[in-house]
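Dear colleague,

Please find below the structure that I am handing over to you.

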Amino acid sequence: MKKPSRKSSLPLLRDAEVPIRSRPRRRRDPAQPQLPFDPMPARIEPCLALLKSRPPKGRQWAFEVKWDGYRLAVHIEPTGIRILTRGGHDWTARFAAIAAEAKRLPVSTAILDGEAVVFDERGRSDFGRLQQSLGGRGGKRTSREAVLMAFDLLYFDGRDLTGTELSVRRHLLEGLAPAGGEDAIRLSEEIEADGDVLLRIACEHGLEGIIAKDRKSTYRSGRLGDWLKIKCVQSDGFLIVGYEKSTASFGGIGRLLLAARKGDDLVYVGGVGTGFNERSAGELRAQMDKLIIGKSAVDTGRKRNAVFVRPELVAEIEYRAWTYDGKLRHASYKGLRDAADQLAVYQLEDIL
């Protein structure tokens, strides 16, 4: 005797004559909470790297190359793209290629954290070239060469990720900006290596240094130690408080007089007399001569042929070390920081 066939529990395998019907959905209970989107913040203060002399040890630390450029936050919103500097200035128009690439990313809303750089012939980020591409300090030119090296994702498709650990944020970022790209937004890749070995290789290749990040850390604004920077050659921003005149030097600048911050005060940290060319010295002299004051804003000691200026200009200075009395050693002038990035003035507490 033939057994009757069993009806499949899968709807699509039933008899063709029987109409397929979905189960009626239950009405949503009004008391059931919604899952709201997190409002996109207008701006997030950046997480900053704390200066250390040696790389940290431990499996929780991830390493990246330290890029030499302008820190940017790229906001992707339904209304358009906004690109903000570290100081909160809107530079969308100055990085049009990065903004155009941001529109093509497969995401509706996001905030990317990264560094705008311009590379030299050897693939190293060059701050001087980045400034030139933007028309110099105070220039309004749109950079066609700048690339955003994205290293963090702070907001993603309606969700605030700042309270999420770094390893998860990086996983999501890698889906937006894959490694090895050639577009205007590229992933700043993590490098699997011992920190000491990586630092040595970075220095041998003429890079500025490396960054170490705690994989388990959330995104906290400020310089709190979740991110660390280890440099091959020190390079930081210092306020220009004056210059010593010279008839034998470019622009008549014998030496710049520099200051760092210490809390709310300024402290004299020595001078710099190298790194200028005829053009950069002439432009710098024209800027300083608009700011001349009668008395120095800090105690510089006795200086001959000195001209003092209001401490408004921030110079990027490369140096090898500090003297025992807190002065820069083997310093060289690299260029002026733009007003939009003037928060990057060296804090004396950074010396470790």
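Helices (H or I, at least four residues) and strands (E, at least two) are taken as DSSP runs and numbered from the N terminus. The model is a predicted one: local features need pLDDT of at least 70, side-chain atom pairs count only at pLDDT 80 or more, and totals for chains, interfaces and linings use all residues. Residues are numbered from 1 along each chain as its sequence is written, and side-chain values use heavy atoms, with hydrogens and water left out.

The largest pocket

A pocket is defined on a 1 Å grid over the protein atoms alone, as an open set of points where a 1.4 Å probe fits, with protein on both sides within 12 Å along at least five of seven lines; lining residues have an atom within 4 Å of a point. Grid points are joined across faces, edges and corners, and a volume is the space filled by probe spheres set on the points. The largest pocket holds about 890 Å³ of space. It is lined by 34 residues, of which F127, G128, Q131, K334 and G335 are the closest to its centre. At least two lining residues come from each of α2 (127-133), α5 (278-288) and β19 (332-336). Helix α5 gives the largest share, with five residues. By type, the lining has nine nonpolar, 13 polar and 12 charged residues. Here Ala, Val, Leu, Ile, Met, Phe, Trp, Tyr, Cys and Pro count as nonpolar, Asp, Glu, Lys and Arg as charged, and the others, Gly among them, as polar.

The chain as a whole

Five helices and 19 strands are found in the chain. Of its 352 residues, 45% are buried, that is, under 20% relative accessible area with a 1.4 Å probe and protein chains only. Taking contact to mean heavy atoms within 4.5 Å, 67% of the contacts between residues at least 6 apart in sequence join residues at least 24 apart. The accessible surface amounts to about 19700 Å², and carbon and sulfur atoms account for 50% of this; the areas come from the Shrake-Rupley method with a 1.4 Å probe.

Strand pairing

Two strands pair if DSSP finds at least two bridges between them. β2 runs antiparallel to β9 (residues 209-214), to which five bridges join it; F63 has A212 in β9 as its bridge partner.

Strand β11 (residues 234-245) is largely enclosed by the rest of the structure, because 11 of its 12 residues are buried. Its antiparallel pairings are as follows:

- with β16 (residues 314-319), over six bridges, where F238 has A315 as its partner;
- with β12 (residues 253-262), over six bridges, where L239 stands opposite A259;
- with β15 (residues 306-309), over three bridges, where Y243 has V307 as its partner.

Two buried residues

L72, in strand β3 (residues 70-77), is buried with a relative accessible area of 1%. Beyond four places in sequence, L72 touches several residues, including I83, F95, L112 and L148. L148 lies 76 residues from L72 in sequence, yet their C-alpha atoms are 8.1 Å apart.

E101 belongs to helix α1 (residues 96-104). With a relative accessible area of 8%, E101 is buried as well. Apart from neighbours within four places in sequence, E101 is in contact with D183, A184 and I185.

Key: Buried < 20%, exposed > 50% of the residue type's maximum accessible area, 1.4 Å probe, protein only.
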